[in-house]
There are 2 protein chains.
Amino acid sequence: MDIEAIMGEVLRRIKPTEEERAFINGLMRELEDLVRETSEDLGLDVRPYFVGSLAKDTYLAGDHDVDLFLAFPLRTPLKKLREKGLELGRAIAEELDSYEIAYAEHPYVRASYKGVKVDLVPCYDVKDWRDVRTAVDRSILHTEWVLENLKGRNDEVRLLKRFLKGIGAYGSEIYVRGFSGYLAEILVIKYGSFLEVLRNADFMLRQKIIDPGNWLKHEYETAMKTIKREAEEDRPLVVIDPVDPRRNVAANLSWEKYGRFYFKAQEFLQNPSAGFFFPTEFIGGDYLAELRRKGTHLVTLLFAVPEMVDDLLFPQLERSAKGFEKALAREGFAVLGWNIGRCKSGKAFIMLEVDRIERPMVRIHPGPEFFTNRGWDFYQKNERVWLVGKRLYAEKAVKESITDVILELLEKNQVAMGKNLRKPIKGTDVLVDYVPRDLETEAYLFLSRKKEGLKN
Amino acid sequence: MDIEAIMGEVLRRIKPTEEERAFINGLMRELEDLVRETSEDLGLDVRPYFVGSLAKDTYLAGDHDVDLFLAFPLRTPLKKLREKGLELGRAIAEELDSYEIAYAEHPYVRASYKGVKVDLVPCYDVKDWRDVRTAVDRSILHTEWVLENLKGRNDEVRLLKRFLKGIGAYGSEIYVRGFSGYLAEILVIKYGSFLEVLRNADFMLRQKIIDPGNWLKHEYETAMKTIKREAEEDRPLVVIDPVDPRRNVAANLSWEKYGRFYFKAQEFLQNPSAGFFFPTEFIGGDYLAELRRKGTHLVTLLFAVPEMVDDLLFPQLERSAKGFEKALAREGFAVLGWNIGRCKSGKAFIMLEVDRIERPMVRIHPGPEFFTNRGWDFYQKNERVWLVGKRLYAEKAVKESITDVILELLEKNQVAMGKNLRKPIKGTDVLVDYVPRDLETEAYLFLSRKKEGLKN
């Protein structure tokens, strides 16, 4: 099948139908009216804005969460915006099916209506980047900019988003660090089409700077400051936000996710298939066979964690996994890879693939130079002691199983960890070459490198 | 027993008896006459000099090899000295019991007479360091200097030499790198007695420079050049040769051997015993039990070597052992220690104590940055490939047993080795956790660290 036919087939699956579109538009009109009425009732001067992929008509079929922003005048004090924003959100949500309060920089209302998730988010009614006061205020400007510039290429965005999802590079959450929807939109606007974005995967990396808002012309100093800062952080791309020259739209994009895009783009262009957009779900795989094949071992730490959202938990699990990698390396165990996540039980896990689970009972312990006070101490303290050049060495008895070593490291606080995990991890189970049933597939995907691997 | 009593007891064992002394003196007179007669017969203008510990009367009981130097006039051309020196040596040796030709810088005659080894070494009859032309010429000057300066402290030298032997720090051979007899004599002359030398073990290391010939006064520039050169080489001591300001008498003394002396001197002074001079010979020990206790493994390379003296072979074995240490570390095997030597069969061996003898069948192989030509190659060549930051990684299948790894390293010439050993080691046997019977004690001494250890 040629590339155009494939894209046609994919589009048929991801483009919302007229029915879905009509349903969504009806819903949006209904919600908009509800906001106007409710703010009037409460005597609030609030304008409703739809933002996100729904407002921009770049959403994928079936993926139609509503982001409804409640914009207060700029003169509103922040405290009042938080109070009244939440009050208004609640009042609106009372008219919907159900709701809860969620927390980001400010509290907001997460409601459900006719099976659709509706976020009611208070913000300032900004017209310009200089007005931006809270993290969400820019969304209105983003929506406006995309609507103005997209010029009918909405389906190209849909293809790119689905492609990025398919290859596992979509989402700007801190534990994903992939492409955001807004970044996908900017790239389509910049390069003209889905295929052109793919064709430019190498070029844009080399060019490094994308400036669709022409800030380098109009706000040279601010834009240069952004470029310098982001270049120092060694980001793969610096995409100066067309609505705010202080911001890199791709600030959260990791090299790993860009690399995925880079290889998959080339492969798709050379050998196109719908599989890039809709990878076949993986079924089964024997992690124990994988361990035997590789000759490595799997150590799994399994522990209860306090209630935390993934945005908070996952970075801390990552930090802890890296902490174990370092600490175990110092102890003579090489960590070939690690993997983190949550079990269905709610417990968190850290998996470590290690080269061995036992080590010699003695270790060479380097000491000081011999002709020092510490040298004399070292000589007297150690039984088996010798010289290499002017340095003393001794044999030291050490724990031998990796489980013992891990427990001792934890006891002595010698592992760098996420701050909320220090205590939970102290009570961890340590499983060697064995995982509970609900982690078997996870263990297989990890050990076989199917999880982080570029080829599946 | 107090320290004086101990030294008295030791002296009784190491001081030559009047009988031995009379026998040796008779032998020397006899040999001297023989040199004179033989050179006259051959029409050579040669003077006999006795050098070494016999000439200086600092030899230990039973340890009375004769060093007889045949000194030619300075005007003799080098070529003639070599020819005539060997001719004269042979002619003298014909009158003795047996002899062979040995090779150092020049060939010389190694004879045997009345059960005593007699070296007949041609040299120049130098009166001053500026005349020195061959490596052995200085010996005559050394003997003269010691005879002039020792002033009856011969037994103090005997004690020091026996002490150094007892603690394993005596001998300036390249594969020993300990104290030479001449250095022991200088130290006694400098500090006055055996005990004073021991008491100054720390001080002389800190003072660093010993200049018994007062060269810093009379030959400042030459002496400073020596000091600078030797300081750059980071020698433990710089003892400017009292007969030649260009030379550090302690140039071959290693930090390891000085360290041995350093600790043992302190221990002897604190807790004297005759055991320092005459350590009890080690009997037996189970190297397999030692391996079990330590949880480590012993890999022994055993191979035939071309005919080489130890002076040549041992440094090359050392170099090769270090080469294996490095190459195996790159391959994921930690070498905790190595040991080299000759078997009774004449074969050479390299023993390596390693932390394990198997490793995982896969290894993490770091690749290039992904956005390069090499990155694209790496991506295509490897099946299991992923990114960490911008760098590609892949899993690589590797050999798993240390024997396979060693044989592959040898085949690919990836081990740094002594130049004459490259070929012999290619045909090596690789023994894992097993040694032939005649190496069992050697293996035990090595693994238990009794060989290089400071405490036995």
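Residues are numbered from 1 along each chain as its sequence is written, and chains are lettered from A and ligands numbered from 1 in the order in which they are written. Since the model is predicted, local features need pLDDT of at least 70 and side-chain atom pairs count only at pLDDT 80 or more, while totals for chains, interfaces and linings use all residues; side-chain values use heavy atoms, with hydrogens and water left out.

Let's start with the sheet in chain B. Five strands make an open sheet there, in the order β1-β2-β5-β4-β3, and the pairing is mixed. When I say strand or helix, I mean DSSP runs numbered from the N terminus: H or I over at least four residues for helices, E over at least two for strands. Two strands pair if DSSP finds at least two bridges between them. Which strands stand at the edges? They are β1 (47-51) and β3 (98-103) of chain B, and each has a single partner strand, so one side of each has no neighbour in the sheet. From one strand to the next, the twist averages 30°.

Further in, β2 (residues 66-72) and β5 (residues 116-124) of chain B pair in the parallel sense over seven bridges. B:F69 is placed opposite B:V121 in β5(B).

Helix α2 (residues 18-42) of chain B lies across β1, β2, β4 (107-113) and β5 of chain B, at about 155° to β1(B). Helix α5 (residues 138-149) of chain B lies across β1, β2 and β5 of chain B, at about 60° to β1(B). Those angles run from 0 to 180 degrees between N-to-C directions, with axes fitted to C-alpha atoms, for helices over the stretch in contact.

Now over to chain A, and strand β5 (residues 116-124). Eight of its nine residues are buried, so β5(A) is largely enclosed by the rest of the structure; buried means under 20% relative accessible area, exposed over 50%, partly exposed in between, with a 1.4 Å probe and protein chains only. Strand β2 (residues 66-72) of chain A runs parallel to β5(A), joined by seven bridges, and A:L68 faces A:L120 in β5(A). Strand β4 (residues 107-113) of chain A pairs with β5(A) in the antiparallel sense over five bridges; there, A:S112 has A:K117 as its bridge partner. β4(A) and β5(A) form a hairpin with two residues between them, and A:K114 in the turn has a positive phi of about 50°.

Back in chain B, two loop residues have positive phi without being glycine. For B:K151, phi is near 50°. B:K151 sits in the loop between α5 and α6 (154-166) of chain B, and at 64% relative accessibility it counts as exposed. The other is B:N413, with a phi of about 55°. Its place is the loop between α16 (402-411) and α17 (422-426) of chain B, and at 45% relative accessibility B:N413 counts as partly exposed.

Conventions
Contact means heavy atoms within 4.5 Å.
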